[in-house]
Amino acid sequence: MLAYKERGKGPAFILLHGFPLNSGIWEQQLEALSERYRVIAPDLPGHGASPLLPEISIAGMAAEVFRLMDGLHIRRAAVAGHSMGGYVALAMAKQAAERISGLALICTQPGNDSPEARERRYALAEKVEQQGTEALVEAMLPKLFAPGESNGESRTAGMIRKAPAQGAQAALKAMAVREEMYQLLPLITVPTLVLTGQEDQLIPPDRSATMAAQIKNAVLVKVAGAGHMPMLERPEMVTDALRDWMELVN
Ligand code: MLT
């Protein structure tokens with residue numbers, strides 16, 4: 001089963017981290033939201049303290065989150081996913097919409113990789129094989145934060161450095177072949193929050209706006225002064241947006 005952090009009581013609320021991070025990115029939201037909800041932040045397969053599963057896919061990660069829900073006797077939950085965690089959240093909505101009470105899609109997108117992006121992922125996986133996770137720090141850190149924003153940067157660098165290298169390679173390969181989710185978007189009927197950092201360089205805010213426009217009644221929140229890591233760059237704004245969205249979820 002996946003490693004996870006759990007706090008609070010009430011309706012279940014699952015927070016999924018992005019690549020190659022772990023549940024630690026949600027520390028502030030976990031604390032604040034646990035006043036009203038049963039908040040669960042898993043480490044996705046091969047990340048943090050969760051075991052690496054061979055040949056894992058994004059759909060496989062979604063299935064693992066459902067297994068964790070089963071293990072915790074949670075039938076239905078609100079799911080918030082950041083970036084790769086958003087890919088997993090969308091895959092969960094595709095696999096078992098009836099188990100999802102609300103979706104928060106944070107700095108993420110419904111598209112899959114272009115052939116060039118796929119090649120870049122494989123090249124990066126190869127570099128991780130040779131150089132370890134320092135290759136990820138080098139490739140990702142400069143793009144994760146809004147210019148001039150240092151809130152959370154050194155913590156994130158530490159998290160990337162400590163990420164299990166094989167797990168990161170597996171996740172890069174999983175993201176490279178992930179399914180696109182455009183057709184799912186108009187089928188989503190649960191309350192949906194689409195949140196983006198106005199200065200996200202990895203997944204530009206326009207992509208979030210386009211995604212929000214395709215989901216019925218989705219609320220779009222653009223966090224000023226944040227890049228790809230708004231939960232660390234502007235933690236209160238993200239917590240407030242999640243709290244407002246959870247008011248709509250039942
Ligand atoms: C992430 O932040 O999870 C990844 O950068 C997403 C991606 O590379 O597609």
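Author: Let us begin with accessibility: a residue is buried under 20% relative accessible area, exposed over 50%, and partly exposed in between, with a 1.4 Å probe and protein chains only. H73, at 73% relative accessibility, therefore counts as exposed. This is a predicted model, in which local features need pLDDT of at least 70 and side-chain atom pairs count only at pLDDT 80 or more, while totals for chains, interfaces and linings use all residues. Residues are numbered from 1 along each chain as its sequence is written, and side-chain values use heavy atoms, with hydrogens and water left out.

Reader: Where is H73 found, and what is its phi near?

Author: Helices (H or I, at least four residues) and strands (E, at least two) are DSSP runs, numbered from the N terminus. H73 is found in the loop between α2 and β4 (77–82). Its phi is near 60 degrees, a positive value in a residue other than glycine. S83, in the loop between β4 and α3 (84–95), also is not a glycine and has a positive phi, of about 55 degrees. S83 has 9% relative accessibility and so counts as buried.

Reader: How is the span of a helix judged, for example that of α10?

Author: The expected span is 1.5 Å times one less than the number of residues. Helix α10 (residues 235–248) has 14 residues, which should span 20 Å; the end C-alpha atoms are 21 Å apart, which agrees. Helix α2 (residues 58–71) also has 14 residues and reaches 20 Å from its first C-alpha to its last, close to the 20 Å expected.

Reader: Which residues of α10 are buried, and which exposed residues does the face turned away from them carry?

Author: The buried residues of α10 are P235, V238, T239, A241, L242, W245 and M246. They cover an arc of only 165 degrees around the axis (taken from the directions from the helix axis to the C-beta atoms), which puts them on the same side of α10. The face turned away from that buried side carries the exposed residues E236 and D244. In α2, the buried residues include M61, F66 and L68.

Reader: How is the packing of two helices described, and at what angle do α4 and α7 pack?

Author: Axes are lines fitted to C-alpha atoms, for helices over the stretch in contact, and angles run from 0 to 180 degrees between N-to-C directions. Angles under 35 degrees count as roughly parallel, over 145 as roughly antiparallel, 65 to 115 as roughly perpendicular and the rest as oblique. Helix α4 (residues 115–131) and helix α7 (residues 165–176) pack at about 170 degrees, with axes 9 Å apart. They are therefore roughly antiparallel to each other.

Reader: What angle do α4 and α5 make, and which residues form the contact?

Author: Helix α5 (residues 134–144) packs against α4 at about 140 degrees, with the axes 7 Å apart. That makes α4 oblique to α5. Contact means heavy atoms within 4.5 Å; here L124, K127, V128 and Q131 of α4 meet E134, A135, L136, E138 and A139 of α5.

Reader: Where is G227, and is it buried or exposed?

Author: G227 lies in the loop between β7 (219–223) and α9 (230–233). At 0% relative accessibility, G227 counts as buried. Residues up to four places away in sequence not being counted, G227 touches C107, L144, F145, A146, G197, E199, D200 and E233. G227 and P147 are 80 residues apart in sequence, yet 8.0 Å apart in space, C-alpha to C-alpha.
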